[in-house]
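Hello,

Here is the structure you asked to take over. Please open it first, then read the notes below.

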Amino acid sequence: MQAEIIAVGTEILLGQVVDTNSAFIAQELASAGIEVYYHSLVGDNADRLTTVVEQARSRSDLVVISGGLGPTKDDLTKQTVAQLLGVKLVEDAAAMTKIQAHFATTGRPLTPNNRLQALYLAGSQPLKNLTGMAVGAFYQDPHGADMMLLPGPPSELEPMFIHEALPALKHAYERHEYLTSRVLRFFGIGESQLVTQLSDLIDGQTNPTIAPYAKRNEVTLRLTAQTTAADSAEALLDRLTATIKERVGDYLYGYGDDNSLANVVVHQLIAQHLTITGAESLTAGEFQSTIGSVPGVSAVFPGGFVTYANRAKHQLLGIPQHIIDTQGVVSEATAKEMAERARQLLDTDLALSFTGAAGPDSLEGHPAGTVWLGLAQRGQAPQAKLMHFAGTRSDVRMRSVLSGLDWLRRTLPTEK
């Protein structure tokens, strides 16, 4: 099974939007045993889109197109593909009901162009949009390449692909072999170091295979096993995972495509009924915002402090002025005081603090990227860690937050 991916959008050609959809689709197709041989990018132009689709259909078994399903004049994908295939566009009743309900709720008039989002290729399987309104489509052509049409916004495309498109593809291309994947997520180790420590496993891979991916501030490994039985594939993955954990398990924080350090830490806290707060200077609330994005965090996070200025550290947290004057804010003493006083003020089990020089300028004689993390735990003396990060101001702040989360992950007991 040979597939091709086409991204549609003039804004992508102009560099105004980065095409993350094609990478996502390619990875998901690979996990389903479908090989991607070509990626194409075309603007919102019917003639050029027709040319690209015709070429794709001539050399591939499956063509997946993202973008151009919306209500505006430059959303031409479904109309262009319908004309190319010689089929009509028909209305999906469920999608239209959803569109009508949305406009009724918002009190806005339902204009004719918005009805276009409920149309899909006649003879195809409509793909429900779980987070938006434009319906997708999977068209199986007995005389040529199959076509799959997906919306452009990643927030709509990804849920549609996972929950609608993948099941449709697996049903259509049912295989006698099971292809099972597992994603391992690592923090605190670079891709080159990880690959070096696993070099013999990667060089000698047959089944399962190992594919490393460097992401921003972390590395993932996708393990894929192919067998004639699902339980056999899982057994192969279990054995390989155990070998990897023996070598680099200290950096392994979790599993799955849709996972994060924040998610892992918050669920550790919830499982152990431990509460946490934060006191942030250089990160300016980014730690609290990061854990706040995890559903259910309110059970363990009552709130926290953003104390950017020295006066705020003294007034809100009660840090003695003499510590700030003599030790400075970029110091072990200040980091410990911030964490412990925040913990006491909100009576939480733990508290994490962040202070330092985010950059681009130095602070108190410390170069940009100098960061102190503080960790306070109920019944224990507060601790602090000195770290040095490179990169932009944004890089330093995000790396500080992730390092704090990783410290928590390693500190929290596996069982309460």
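A cavity is a set of grid points where a 1.4 Å probe fits but cannot get out. The model is predicted, and it holds 1 cavity of 30 Å³ or more.

**The cavity**

The largest cavity has a volume of about 30 Å³. Its lining is made by L69, K78, L119, Y120, L121, V135, G136, A137 and L149. Two elements each give two or more residues to this lining: strand 5 (119-121) and strand 7 (136-139). Strand 5 gives the most, with 3 residues. By type, the cavity lining splits into 7 nonpolar, 1 polar and 1 charged.

The largest pocket has a volume of about 940 Å³. It is lined by 34 residues, and Q27, E28, S31, I162 and L166 are the closest to its centre. Helix 7 gives the most to the pocket lining, with 8 residues. The pocket lining holds 15 nonpolar, 7 polar and 12 charged residues.

**The surface**

L13, L14 and L41 make a nonpolar surface patch of about 290 Å². L41 sits in strand 2 (residues 35-42). Why does L41 count as partly exposed? Its relative accessibility is 38%, and partly exposed covers the range between under 20% (buried) and over 50% (exposed).

Best regards

Note on methods:
Residues are numbered from 1 along each chain as its sequence is written. This is a predicted model: local features need pLDDT of at least 70, side-chain atom pairs count only at pLDDT 80 or more; totals for chains, interfaces and linings use all residues. Side-chain values use heavy atoms; hydrogens and water are left out. On a 1 Å grid over the protein atoms alone, a cavity is a set of points where a 1.4 Å probe fits but cannot get out, and a pocket is an open set with protein on both sides within 12 Å along at least five of seven lines; lining residues have an atom within 4 Å of a point. Grid points are joined across faces, edges and corners, and a volume is the space filled by probe spheres set on the points. Helices (H or I, at least four residues) and strands (E, at least two) are DSSP runs, numbered from the N terminus. Ala, Val, Leu, Ile, Met, Phe, Trp, Tyr, Cys and Pro count as nonpolar, Asp, Glu, Lys and Arg as charged, and the others, Gly among them, as polar. Patches are made of residues with over 30% relative accessible area and no salt bridge: like charges are joined within 9 Å, nonpolar side chains (Val, Leu, Ile, Met, Phe, Trp, Tyr) within 5 Å. Accessible areas come from the Shrake-Rupley method with a 1.4 Å probe; for residues, only the protein chains shown count as cover. A salt bridge is a side-chain nitrogen of Lys or Arg within 4 Å of a carboxyl oxygen of Asp or Glu. Buried means under 20% relative accessible area, exposed over 50%, partly exposed in between (1.4 Å probe, protein chains only).
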